[in-house]
Amino acid sequence: NSIREATKVIASLVRRAPLQQADLLGLQGEINVQGEDQKKLDVITNEVLKNALRYTGKLGTLASEEEDRPVAAGLNDEFSAQVIGNSGSYVCVFDPLDGSSNVDAGVPVGTIFGIFKEDADIDCRLAGDVSDILDQEQVNCLAQTLQPGKNLVAAGYCFYSSSTELVVTFGHGVAGFTLDQDVGDFKLTRPSIEIPKRGNIYSANQANFKQWDKPMQDYIEAIQDGAGETGKPYSLRYIGSMVGDVHRTLLYGGVFAYPADKKNKDGKLRLLYE
């Protein structure tokens, strides 16, 4: 519920951004841990999602792409202690506004999230501020955010475009919900999403073609020429916002990729968030 409510707020911020440019558009003036210029909406949406998650009472640790280290989910105040109680035993990792470099142009953007269960044998209680020098207990705690994907309890994304769509899985199927602006809530519109076995669209930054390794170049040329099982050439569609490109690929089929190149030797997508 907290993620659902946060995405409603973020959807409203994205819609209003062109009308409140001084407050919501442009650079914040800081660099995030990924080495990217932070947009104002990066910072605002990060706080929106963090605050929503903190008041669930279910989470122990939060890890955001916009921050250089995980933070404790609990709030150290009297209200939280009395109303919410102790922080929970789940970990949420998220990118509050994927594709934010395009937000000034009104290009579709999204929120990405994943939820893990903390190891029951580890008492994970981060202090409010984590120093650069960590003791073993803190290392064990921070490691809870670096679990393999097979340990995910839930994962999904929210896509902000002509419609706002929340796509989520709890490990058994994928469902999609669309925000009904008239009633202010999400309605189930895609009960069972399955990616088609074959598509005819590939999504990658073709401008980097000469920077890819030879096997990747050969593969792209092959699907462009229709050398696959269907015999039909693939067409290029690339938004530059991962949530948008993945959403289309999930619905229509095809391939999404951000291959390694000479600048990004391990690819550009972050395993933890994306």
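Predicted model: local features only at pLDDT ≥ 70, side-chain atom pairs only at ≥ 80, totals over all residues.

Which residue in β13 does Ser-203 stand opposite? The answer is Phe-256. Residues are numbered from 1 along each chain as its sequence is written, and side-chain values use heavy atoms, with hydrogens and water left out.

Strand β11, residues 201-203, pairs with β13 in the parallel sense over 2 bridges; strands are DSSP runs of E of at least two residues, helices are runs of H or I of at least four, both numbered from the N terminus, and two strands pair if DSSP finds at least two bridges between them. Together 3 strands form an open sheet in the order β12-β11-β13, with β12 (235-236) and β13 (255-256) as the edge strands, each pairing on one side only.

Now look at Gly-254, which sits in the loop between α7 (242-252) and β13. Why does Gly-254 count as partly exposed? Because its relative accessibility is 24%, where buried means under 20% relative accessible area, exposed over 50%, and partly exposed in between, with a 1.4 Å probe and protein chains only. Gly-254 and Gly-199 are 55 residues apart in sequence, yet 4.1 Å apart in space, C-alpha to C-alpha. Leaving aside neighbours within four places in sequence, Gly-254 is in contact, meaning heavy atoms within 4.5 Å, with Gly-199, Ile-201, Tyr-234 and Thr-249.
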